[in-house]
Amino acid sequence: KKKKKFPKNNMSLVSKKDSKVLAPKDYDIQMLLGAEAHIGSTNCDKSMEKYMWKRRDKDGVHLINLAKTWEKLMLAARVIVTVTNPSDVVAISSRPFGNRAVLKYSKYTGAKYVTGRFTPGTFTNQIQAKYMEPRLLIVTDPLADYQPIREASYVNVPVIAFCDTDSPLKHVDVAIPINNKGKNSIALMYWLLAREVLRLRGEVSRKINWDVKSDLFLYREIDDEKKEDGEEGDEEEKKTLVVSSTDYTEELSSKDVEGEDFGEDGDEDLDEPLFVPKSDQENAQLAVEEKGGSFFEE
């Protein structure tokens with residue numbers, strides 16, 4: 001079988017002398033490779049072939065050209081900055097891996113977000129309480145978020161989408177080729193997009209690293225959060241036990257047990273009794289045994 005040749009991909013955006021500012025740094029490429037953002041799937045859509053670098057012979061997985069990924073990421077950031085009101089941008093993710101990333105992106109850029117199931121008619125039905133009129137849409141997965149993309153096409157809203165090798169590009173205006181099935185790659189791409197948007201707005205300087213870590217955009221499972229909360233709770237319980245034991249010892253040491261604290265005979269005016277009374281069941285049993293019977297006889 002002849003190997004399928006993909007078209008040559010030259011990163012024209014970075015090769016220009018005037019665009020050196022937008023060129024990726026070594027640290028950015030290392031993060032993309034570490035998050036496995038370049039690893040696609042075994043299937044490849046016809047419209048996504050221009051973003052492919054090659055196909056691995058080992059397992060048949062398509063590899064994404066990160067030069068094209070960076071070029072489309074810069075283009076998407078430029079498109080987002082052109083929207084005057086940041087709240088007119090809506091980021092959507094129906095998959096759980098992108099929920100936290102979408103939430104953090106909206107927090108730092110001022111955009112709106114929709115996580116979980118998308119209610120049909122959000123962009124077209126004005127009677128709904130959650131009706132929106134966005135000017136730009138950011139989608140995590142075109143396959144999972146097909147409903148908002150379809151409604152955006154009805155109301156002429158441009159769409160920016162993170163597309164894998166098998167993602168359809170119908171009604172997608174700006175496709176960012178990326179591995180949208182891994183939680184690390186999704187979190188990193190939203191972090192890079194938010195950083196570039198803030199840089200173009202002038203809120204973050206390019207000479208200084210952004211103080212927000214990409215780990216904040218990473219999806220966290222509920223079990224891991226419960227384990228962390230449980231460990232913190234155990235530590236707090238241990239601290240309270242230690243404090244209560246020390247307080248109890250201090251109270252015992254502060255008490256005076258000399259004879260002058262007792263009554264005249266030494267056994268009166270006690271704060272606590274010297275013996276523990278028997279339970280009602282034991283007293284009843286003793287009373288029955290004195291009469292010659294047994295308490296447990298039917």
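# Notebook: salt bridges, a helix pair and one histidine

**Entry 1, the network.** I found Asp-164, Asp-166 and Lys-181 linked in a network of salt bridges. The model I am reading is predicted. I then searched the whole structure and got eight salt bridges. Side chains of opposite charge can pair when their charged atoms come close.

The side chains of Asp-164 and Lys-181 meet in a salt bridge at 3.0 Å, N to O. I placed Asp-164 in the loop between β6 (159–163) and β7 (174–177), and Lys-181 in the loop between β7 and α6, so the pair ties together parts that are 17 residues apart in sequence. Next I asked: is Asp-164 buried or exposed? Asp-164 counts as buried, because its relative accessibility is 1% and the cut-off for buried is under 20%. Lys-181 has 35% relative accessibility, so I logged Lys-181 as partly exposed.

I moved on to another bridge. The side chains of Glu-196 and Arg-206 meet at 2.7 Å, N to O, in a salt bridge. This pair links distant parts of the chain, 10 residues apart: Glu-196 sits in helix α6, and Arg-206 in the loop between α6 and α7 (222–254). I read a relative accessible area of 2% for Glu-196, so Glu-196 is buried. Arg-206 stands at 25% relative accessibility and therefore counts as partly exposed.

I got 3.8 Å, N to O, for the salt bridge between the side chains of Lys-68 and Glu-71. Both residues lie in helix α3 (residues 66–81). Lys-68 and Glu-71 are three residues apart, about one turn of the helix. I noted both Lys-68 and Glu-71 as buried.

Two packed helices are described by the angle between their axes and the distance between the axes. What did I get for helix α4 (residues 99–109) and helix α6 (residues 183–201)? They pack at an angle of about 10°, and their axes are 9 Å apart. I therefore call α4 roughly parallel to α6, because angles under 35 degrees count as such. I listed the residues that meet. From α4 they are Ala-101, Val-102, Tyr-105, Tyr-108 and Thr-109. From α6 they are Ile-186, Ala-187, Tyr-190, Leu-193, Ala-194, Val-197, Leu-198 and Arg-201. I sorted the residues of this contact into 11 nonpolar, one polar and one charged.

I went through α4 for burial. Ala-101, Val-102, Lys-104, Tyr-105, Ser-106 and Thr-109 are buried. Which elements cover the buried residues of α4? I found α3, β3 (89–93), β4 (112–115), β5 (136–139) and α6 among them. Just after α4, I noted that Gly-110 takes a positive phi of about 85°.

I closed with one histidine. His-62 has its place in strand β2 (residues 62–64). I read 4% relative accessible area for His-62, so His-62 is buried. The backbone oxygen of Ser-41 lies 3.0 Å from a polar atom of the His-62 side chain. I also checked His-62 against Cys-44. These two are 18 residues apart in sequence and 7.3 Å apart in space, C-alpha to C-alpha.

Note on methods
Residues are numbered from 1 along each chain as its sequence is written. This is a predicted model: local features need pLDDT of at least 70, side-chain atom pairs count only at pLDDT 80 or more; totals for chains, interfaces and linings use all residues. Side-chain values use heavy atoms; hydrogens and water are left out. Helices (H or I, at least four residues) and strands (E, at least two) are DSSP runs, numbered from the N terminus. Buried means under 20% relative accessible area, exposed over 50%, partly exposed in between (1.4 Å probe, protein chains only). A polar contact is a pair of N or O atoms within 3.5 Å; within protein, one must be able to donate a hydrogen and the other to accept it, and residues adjacent in sequence count only if both atoms are side-chain atoms. Axes are lines fitted to C-alpha atoms, for helices over the stretch in contact, and angles run from 0 to 180 degrees between N-to-C directions. Angles under 35 degrees count as roughly parallel, over 145 as roughly antiparallel, 65 to 115 as roughly perpendicular and the rest as oblique. Contact means heavy atoms within 4.5 Å. Ala, Val, Leu, Ile, Met, Phe, Trp, Tyr, Cys and Pro count as nonpolar, Asp, Glu, Lys and Arg as charged, and the others, Gly among them, as polar. A salt bridge is a side-chain nitrogen of Lys or Arg within 4 Å of a carboxyl oxygen of Asp or Glu.
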